[in-house]
Amino acid sequence: VGAWVKGRLIYENSTLADVIRGANLYSVKPISLEPRSLGTLSLSITFKANEIEQMLDNLTEILPIKIDREVPGVIILREE
């Protein structure tokens with residue numbers, strides 16, 4: 001709880017769907033997964049609520065995904 005109060009989101013052995021659900025609470029643009037099955041990927045990650053874009057960039061380093069920012073008004077995470 002203390003980390004959340006300080007603006008830090010911590011996920012241990014969580015699914016990508018859970019991480020994105022939390023990130024969407026703070027993201028300027030909604031983040032979606034295509035295909036939705038990407039949501040089952042497992043990871044542990046910690047990031048600041050005001051650094052969603054950086055967190056997304058980091059996800060491409062640890063998961064087989066790419067970020068599609070071409071669609072106006074939304075960020076889409078796709079399979080690599």
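**Figure 1. Accessible surface and overall dimensions of the protein.** The accessible surface amounts to about 5,100 Å², and carbon and sulfur atoms hold 51% of that area. The structure is a predicted model, in which local features require pLDDT of at least 70 and side-chain atom pairs count only at pLDDT 80 or more, whereas totals for chains, interfaces and linings use all residues. Residues are numbered from 1 along each chain as its sequence is written, and side-chain values use heavy atoms, with hydrogens and water left out. The C-alpha atoms occupy a box of roughly 35 × 25 × 20 Å along the principal axes. The radius of gyration is 12 Å, in agreement with the value near 12 Å for a compact globule of 80 residues; this radius is taken over C-alpha atoms, and the globule rule is 2.2 Å times the number of residues to the power 0.38. Of the 80 residues, 36% are buried, where buried denotes under 20% relative accessible area, exposed over 50%, and partly exposed in between (1.4 Å probe, protein chains only).

**Figure 2. Order of the helices and strands.** The protein contains three helices and five strands, arranged along the sequence as α-β-α-β-β-α-β-β. Helices (H or I, at least four residues) and strands (E, at least two) are DSSP runs numbered from the N terminus. Among contacts with a separation of 6 or more, 53% join residues 24 or more positions apart, a contact being defined by heavy atoms within 4.5 Å.

Figure 3. Strand β4 (residues 65-68) pairs with strand β5 (residues 75-79) in the antiparallel sense over four bridges; pairing requires at least two bridges found by DSSP between the strands. Lys-66 has Arg-78 of β5 as its bridge partner. Six residues lie between the two strands of this hairpin, and Gly-73 in the turn has a positive phi of about 80°. Glu-80 belongs to the segment after β5 and is exposed, at a relative accessible area of 69%. Apart from residues up to four places away in sequence, Glu-80 touches Pro-64, Ile-65 and Lys-66.

Figure 4. Strand β2 pairs with β5 in the parallel sense over four bridges, and Leu-33 has Leu-77 of β5 as its bridge partner. The covered face of β2 carries Ile-31 and Leu-33, while Ser-32 and Glu-34 are on the uncovered one. The peptide bond from Glu-34 to Pro-35 is cis, with omega near 5°. Pro-35 itself is located in the loop between β2 and β3.

**Figure 5. The buried side of helix α3.** In α3 (residues 52-62), the buried residues include Ile-52, Met-55, Leu-56 and Leu-59. These residues lie on the same side of the helix because they cover an arc of only 100° around its axis, the arc being that of the directions from the helix axis to the C-beta atoms. Their cover includes α2 (16-24), β2 (31-34), β3 (42-48), β4 and β5.

**Figure 6. Phe-47 and the largest nonpolar core.** This core has 22 residues, of which Phe-47, Met-55, Leu-56, Leu-59 and Leu-77 touch the most other members. At least two core residues come from each of β1 (8-15), α2, β2, β3, α3, β4 and β5. A nonpolar core is a set of buried Ala, Val, Leu, Ile, Met, Phe, Trp, Tyr and Cys residues joined through side-chain atoms within 4.5 Å. Phe-47 lies in strand β3 and counts as buried at 5% relative accessibility. Beyond its neighbours within four places in sequence, Phe-47 contacts Gly-7, Arg-8, Leu-9, Tyr-11, Val-19, Ala-23, Ile-52 and Met-55.

Figure 7. Asn-13 is placed in strand β1. Its phi is positive, about 50°, although the residue is not a glycine. Asn-13 counts as exposed, at 67% relative accessibility.

Note on methods. Areas by Shrake-Rupley, 256 points an atom, 1.4 Å probe, with all protein chains shown as cover.
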